[in-house]
Amino acid sequence: MPDLDSGHIFLTTLAPIRDSGKGRLEHTSFTQNVRIALAKMPTAMQSPATQATGNNSPFARNKRNHLARMFVLNDVVYNGRIGQNALAAIVSKQDPTDPQPVDRLNTSYVVFCADIDAIAEDGAPLPIDLDEAEQKNVRMAYARELWNTMEDELREVYVNCVGFDGVETADDFATYLEKCHVKTTMPFHDYYLSLPKFNVLPLNRLLIAVAIPAAIAIIALLLRIFGVLDLPGLGWSTFWTFVCGVILSGLVAVWAVQYTLKNGEKPLGPGEYDDLPSVLKALYMQQKFSDFVVDHQGSSAKDLHAAFGKFLSEHKPKDREGPTQGPGLISSAVPASKS
Amino acid sequence: MTNSLNLNDIQGNIVRAYGRFSFPFARYFFLNISDPAEGRKFVDAVRHQVTTAARWPESAEKPECTVNIGFSFHGLRVLEIPPRTLQGMSDVFIVGMKERAFVLGDRDTTKVTTSDDNWNAHWDPIWRKNRATDASGPVNVHMWISLNAQLKRHGTTGEPVEALETRTQWLRDLCDQSNGGVTILSGIGKKGDQDFQSASAVFDTHGKEKLPTPKEHFGFADGISDPVFEGQYRPDDMKTAVIGRGKRVGDSWEPIATGEFILGHPDESQELPPTAMPYEFTQNGTYMAYRKLHENVGTFDDVLMQETNSYAKMMDVSAEEAKETLRAKMCGRWSDGVPLARVPTYPKWQEFRKDRGFDDPDPKTALRNLRVYLGSPEASDFRYADDMQGLKCPGGAHIRRMNTRDYLDPFNQTGTDPKTGNPFENTKATHALNKRRRILRRGLPYGASDPKGNSDETEQGVAMMLIGANLFRQFEFVQQQWIQYGLDFHQGNNTCPMLGNHDHHKRHTIPSDPKSGKPPYVMSKLKSFVECRGGDYFFIPSMTALRMIAMGIVDPT
C-alpha cells in the first residue's frame, strides 16, 4: 500500500516501548512515561483554553505537517471468540468450550502518524509521483526537521522506546524513525479545489478479457459432453480447446488482479495550492478578503480600485511566506505562540 | 406502512402544537418536590387530568384547557426512580441544559470557564438557581407542567377561557394539600417575581377587536412546517399534512419515522433508540428542551434600520423594500410566512399577497386568508436543492438552518446547469442528513402584544419547547452546528442571523443572482437578537410511565 497520494506522504511509524519498569526502585513503567510525556505536550492553539496557555503544539514549529498524531497502542483489541456455524463445528469435531488462542502484541508501541507535504526542502513544489528511494528521502528529511525543531519533546517520548539509545543527531533520529516506518494509507486531509483525474479501473474491459477465454472453455466443454470431438470449422480438439481456455482465463484473471492492485496504488496528483504554506495563506486571505468586502460594500468603482490596490500590496496574495496565518492557530486574529 | 400509535398513552403536547389547535394561551409551571411520597401523590392527582394525544373529537373531547407534565432528571431522582433506570437515560438529560451551555452557544465560547463565572447573570433567577445544589435542593426545578387554554368563545377582548385560572388554582390547591411536599417555584421573569411563565399568541388590535396572529415579537409568522411523523395524523389527513413536512422519498413525501420523536419506536436509521429499563417506562415518552428565548426587539429594529439604509442605497430600492427584503433574507420567509424559495422577490411577494387576499381591507378576512395559507401544504412544500447557491433563499437564512430539507444530499450539484443556464435542479435530491435532525417545536410567544411598549428591557420572546427522542443528536446538534456555526452551509463561522450569538460573528451573506447584475450583500452589523434566559431538559413520560411513577413501581429488573 502506498504512503504517497495527492503530493503528500501519509506517514505511520510504530516504535516499540520497552517492556519493564525503569529500574529496580522505579514504580513508573516506560509505557506510563510515554503517556505522561504525551499528556504534557501542548495541543495546537485551537480553543480559548489552549490559547490562554500561550503554548502551541511543537508540531506547529515546522511548515510541513497538516496533521500529526502521537498515541500509545497498548495492545490489539480482542474481539472475542471467532464465531462458527454450530453444525460445521460438530462435523469438524470442534468443541466450543475449548479456549481459542488470543492474539496479543509483544509490547506496546508509540504510534506516530503525520500527513506531510512530500517535499525534502521547504518551499519545494508537491510531487506527482515518487519512487521508493525518493519517498524515503522525504521521510528522512521530515524526521530531521522534527528533530531540529522539537528535539526535547521527541527525546522525552522516544527515550522510553527500544533502540533509541545512541540517537544524538537529526540524522540518527531520521534513521531511527525510518526503522519504525510502516507502509499504510491513512489520509486525513484533502483540499482539492477541483477533483483530480482519477485512476478509474476499466472494470468492464477486465471482466470481458477474463470472460472470453472462459466462455470458449465452457462452450468447448459442453460440445465435448455432447460428443462433438472437434470444433466445427476449425477442427481443434474440443478437449484441448477447453484446457487452453481454462488456463488462458486463469492467466488473464491473475493479470487482471495484478493490474487492479497496481491501479489502486497509483497516487493521485496534488491539488492546486495543496501544500501547507499555501493552505495557511489561503486561510489568511479568506479572512482578510471577507473583511475587505464588508468594509468596501457600496464603494465607488474608483475608491474600490484604489483600496484593492492597497489590499494587494498589504496582503501579498501570491507570497506564501507572508503575511500569513501561523501554523496551529485557529484564525489569523489569534496572536502567535510563545514557543 | 403507517403504524398505529397508542395515542391514549402519549401526552398530547408531543403530537399537537396547541397554538395551532386554537389554544393561544399558556402557563408553564415549574415545581419542586421535597417529599417523595407527596410528590407521587401529586403526580397521581395530575395524571388523571393530563391531555393525551387521543384524536379530537372521535376518541376524546377537546378540552378548554390542556394539562401536560414532564420531569427533570433531578425530579425523577427525588421521586425515587431506581438508579438503574436513571442511569439508562440520556446523558445530556442527566447533566441538564445549564451544563451544556458551551455546546448550545448560551455562553461565550471564546472565554474559558474560570474567567466567565457570571455568564448566566441575565437568566431568570429560577434558572440561575436551578441545579446549583444536589438533586433534592429546594430551588431545583423538578417538574414542568403546562396549561394551554382556548380563547374565550364570546367576546373579543383577547382573554383566555376561565378554565385556565381554574386549572391554575387546582394546581395551587394540590400543592397546598401536599404539606409542603410540592411547591410551585417562583423566580420567573427578570425580577423573578412570577411563579409561572405566562405565554400567549401576539394579538393584533383592530378597533375593539383583538385577533390572535401566528407571529412572534420580531413580526414574523412562526411555527410553520413542523415535522410530521408516522401515526401522527389520521391516514386521510396524513396525505396532505406530510407535504413539505415529512421527508422526500423518490418523488413523494413520506412521514418521518415515529422513533425520531417518540421513544420505543424504530427511527430513521431503522434502529430502536436505546432507552432506560423497564421498557414501558420510556416507551411512548420523549425528551424535551424548555428554553425561554428573550427577543431584543429594540436592537433588532436598530440593526435592521442601519442595514436597510446601506442595502437600499446599494441595490437602489425603496427603504420599505430594502427592509422587508432584508428581513426575508434573514429568515428565509417573508414576514407573513411566504417562503422565499417559492416567492423570491419583493414585487412578486406583493403580487402574491394581493392574490391571496392577505391585504384584504377587513382585517379578519385578511387574517383568515393568511391562516388558511399557512396551514396549507403550499406554505411548506418547497426545496433548496434547486437553489444550492442561495440566490432565492440565502444559504445561511434561519429556516434553511433549522430544516435543511434536501440541501445536504451529498449528490447535489452546485453551480449552473450548462443545459439550462440556470442553477442545477437536483430533482432527485433526498432529505439525507436532515431526517435525523428534526425537532418538534412547541410553545408560544410571551410578552405584551403591542410592539410600541416593547424594548430590549421589557419581557418578550418565545417560550420554546423542543421535542425529540434524542436531545444530543437532534436539538443540541441543530443548536450547535446549524444555529451557532455555518460550515454545513458554506457560511464559515457565521451563525444564524436571527437566533445565533453575534458577539463575535456578526455577518450574514445574501447572494445575488448574477443575472441581476447586482453584487451580493453582506449584513455585517448583526447583534445577538435572541438570548436564552434559562431552561432545562425534561422527560415527558407516557401515561403508563406516569402511573408507574405515581404508584412508585418503576422496576428495572
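Modeller: Welcome! A word on names before we start: helices and strands here are DSSP runs, helices having at least four residues and strands at least two, and they are numbered from the N terminus. Please keep in mind that this is a predicted model.

Colleague: Thanks! Where is Pro57(B) placed?

Modeller: Pro57(B) is a residue to look at, as the peptide bond that joins Trp56(B) to it is cis, with omega near 0 degrees. Most peptide bonds are trans. As for its place, Pro57(B) lies in the chain B loop between α2 and β2 (65–71).

Colleague: Which residues are joined by a cis peptide bond in chain A?

Modeller: Look to the segment after α9 (301–315) of chain A, where Pro323(A) is found. A cis bond with omega of about -10 degrees is formed there by Gly322(A) and Pro323(A).

Colleague: Back in chain B, where on helix α2(B) do its buried residues fall?

Modeller: Helix α2 of chain B covers residues 36–47, and its buried residues are Gly39(B), Phe42(B), Val43(B) and Val46(B). Viewed down the axis of α2(B), these stay within an arc of 100 degrees, so they line one face of the helix.

Colleague: And in α1(A), which residues are exposed?

Modeller: Start with the buried residues of helix α1 (residues 30–40) of chain A, which are Phe30(A), Val34(A) and Arg35(A). Down the axis of α1(A) they fall within an arc of 145 degrees, so they line one face of the helix. Among what covers them are β3 (65–73), β4 (109–117) and α4 (132–158) of chain A. The exposed residues, on the other side of α1(A), are Ala39(A) and Lys40(A).

Colleague: Which helix gives the most to the side of chain A that touches chain B?

Modeller: Seven residues from chain A and ten residues from chain B make the contact. On the chain A side, α2 (48–53) and α8 (276–295) each supply at least two residues. By class, that side has five nonpolar, two polar and no charged residues. With three residues, the helix that gives the most is α2(A).

How values were computed
Residues numbered from 1 in each chain as written. Chains lettered and ligands numbered in written order. Predicted model: local features only at pLDDT ≥ 70, side-chain atom pairs only at ≥ 80, totals over all residues. Expected span 1.5 Å × (residues − 1). Buried ≥ 20, exposed ≤ 12 C-beta atoms within 10 Å, placed from the backbone. Arc of directions from axis to C-beta. Contact = placed C-beta atoms within 7 Å. Nonpolar A, V, L, I, M, F, W, Y, C, P; charged D, E, K, R; others polar.
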